Amino acid sequence: MERDWILSVLSDLIGIRAVNPLAGGNGEKERADYIEGLLEKMGFHVKRFDVKDEKGFIRSNILVDYGDGEPLWMVAHLDTVSAGEGWTSDPFKLRVENGKVFGRGVSDNGIGIVSLLLILKWISEGKLSPKKRLLLLFAADEEAGSRYGVKYLAEKGVFKERGSAIIPDFGSKSGELIEIAEKGIVWLKVVTKGKQGHASMPHKADNAHLKSARLMLKLYDALHMKFYRINYLFDPPYSTFEPTKKDRNVDSINIIPGVDTVYWDCRILPEYRIEDVLEFFRGMAKRYDADIEVIMCEEPSMTNPSEKIVVDLKKAVKTELNIEPKVIGIGGGTVAGILRKLGIPAVAWSICSETEHKANEYELIENYIKTARVLARVTTF
């Protein structure tokens, strides 16, 4: 039975910790080893791309290239975030309860991994005959920006076939939402400088913390006024600018800090250029003796809703699930954004329980099969 096979594979996958090294893990190699063995038993030739990261861990990517015709990429990722706190069972031991499975990665990106494996299983059993050339990729490092995954493979020319792509790494409980656009993402480090002094003598110091707070408030209001456009493809339908993390400035209450550091997470609509946002940030920061460092920068991306991959996926969703799908944009990022920049029309879609990164992450067993059926249907158009 499909259910028993899914539970067996998931039990093995969750037991293999594939936590991203930037979250304290050892990466994806062991999980890639397992999947490679599984695919070879099915009779598929596997291409493997391993690269050593800055910590010395082997980061592994697995690609199956099958069939002929129009290239269709499907990309799942092998790495997970760390378990975190609040679990009621071992996050790295699969728990099955009332039609649900629990464990770190069962949804993110277990939905993607298992649905792609199911498609290959059906092909190996003669139950599915794709009309497209399938390029099914199990990628590394998605949880930390894909430097050793999709971006690395792009540099190596792996995506030269172009075609189109479906990324089962975004989803909704009903399956009605198809992601065709992503806001740009900018992470900034803002360092405000002043002069350290004793808190009883503020006139002899220059309070960097106070200057930083004033800059933060000015920026927050000014950014939303400057970049005000609305796009109802997204929720929320506007660009967002949020001060988040703050570094420690001093160790004692009675010290006026000479340096204060605050970080910003900005999500920018496709209507704006990232460079314009950065220029505005720098201009405001200069007035408050602050320096800006860009930690991460991803341009916004969008696939035209009239692209064939969008039309085909909508048709498959309607056929398999008997619902009317709709296209949306998101504020988060998937590898779809990277592929769009390579000239590959990409969409992100799956049916999932929306428990990614949470404690007691779970997924409905039926969602793996439903997702795989919709994706398999696309391969037949």
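S146 is buried, with a relative accessible area of 2%. This is a predicted model, and S146 sits in its loop between β6 and α4. The phi of S146 is positive, about 70°, although the residue is not a glycine. Most residues other than glycine have a negative phi.

D141 lies in the loop between β6 and α4 too. Its phi is near 65°, again a positive value in a residue other than glycine. Is D141 buried or exposed? At a relative accessibility of 2%, D141 counts as buried, because the cut-off for buried is under 20%.

Strand β6 pairs with β2 and with β3. With β2 (residues 58–66) the pairing is antiparallel, over 5 bridges. There, L63 stands opposite L137 of β6. With β3 (residues 71–77) the pairing is parallel, and 7 bridges join the two strands. H77 has A139 of β6 as its bridge partner.

## The sheet of 4 strands

Now take the open sheet with the order β11-β13-β9-β14. It has 4 strands, and the pairing is antiparallel. Which strands stand at the edges? They are β11 (240–246) and β14 (290–298). Each has a single partner strand, so one side of each is left without a neighbour in the sheet. From one strand to the next, the twist averages 25°.

One example is K189, whose bridge partner in β14 is E293.

## Helices across that sheet

Helix α5 (residues 208–226) lies across β9, β11, β13 and β14. It runs at about 15° to β13, which spans 259–268. Helix α6 (residues 274–286) lies across β9, β11, β13 and β14 as well. Its angle to β14 is about 165°.

## The sheet of 3 strands

An open sheet of 3 strands has the order β4-β5-β18, with antiparallel pairing. Its edge strands are β4 (95–97) and β18 (362–364). Each of them has a single partner strand, so one side of each has no neighbour in the sheet. The twist averages 25° from one strand to the next.

Strand β4 is joined to β5 (residues 100–102) by 3 bridges, and the two run antiparallel. E97 stands opposite K100 in β5. Helix α9 packs on this sheet and touches β4, β5 and β18. The direction of α9 makes about 60° with that of β18.

## Where α1 meets α9

Two packed helices are described by the angle between their axes and the distance between the axes. For α1 (residues 2–15) and α9 (residues 365–378), the axes come within 10 Å and cross at roughly 105°. The two helices are therefore roughly perpendicular to each other.

Which residues meet? From α1 come E2, R3, I6, L7 and L10, and from α9 come I365, Y368 and I369. By class, this contact has 6 nonpolar, no polar and 2 charged residues.

A316 is found in helix α7 (residues 308–321). Its relative accessible area is 0%, so A316 is buried. What is it in contact with, leaving aside neighbours within four places in sequence? The contacts of A316 are L321, V374, R377, V378 and F381. A316 and R377 are 61 residues apart in sequence, but 5.7 Å apart in space, C-alpha to C-alpha.

## Cis bonds and cysteines

Most peptide bonds are trans. The bond from D108 to N109 is cis, with omega near 10°. N109 is in the loop between β5 and α3. The bond from D235 to P236 is also cis, with omega near 0°. P236 has its place in the loop between α5 and β11.

How many disulfides does the structure hold? It holds 0. For C297, the nearest cysteine sulfur is that of C266, 9.9 Å away. C297 is partly exposed, with a relative accessible area of 36%, whereas C352 is buried at 7%.

Definitions and conventions. Residues numbered from 1 in each chain as written. Predicted model: local features only at pLDDT ≥ 70, side-chain atom pairs only at ≥ 80, totals over all residues. Heavy atoms only, no water. Pairing = 2+ DSSP bridges. Axes fitted to C-alpha atoms, helices over the stretch in contact; angles between N-to-C directions. Contact = heavy atoms within 4.5 Å. Parallel < 35°, antiparallel > 145°, perpendicular 65-115°, else oblique. Nonpolar A, V, L, I, M, F, W, Y, C, P; charged D, E, K, R; others polar. Disulfide = S-S within 2.5 Å. Buried < 20%, exposed > 50% of the residue type's maximum accessible area, 1.4 Å probe, protein only.
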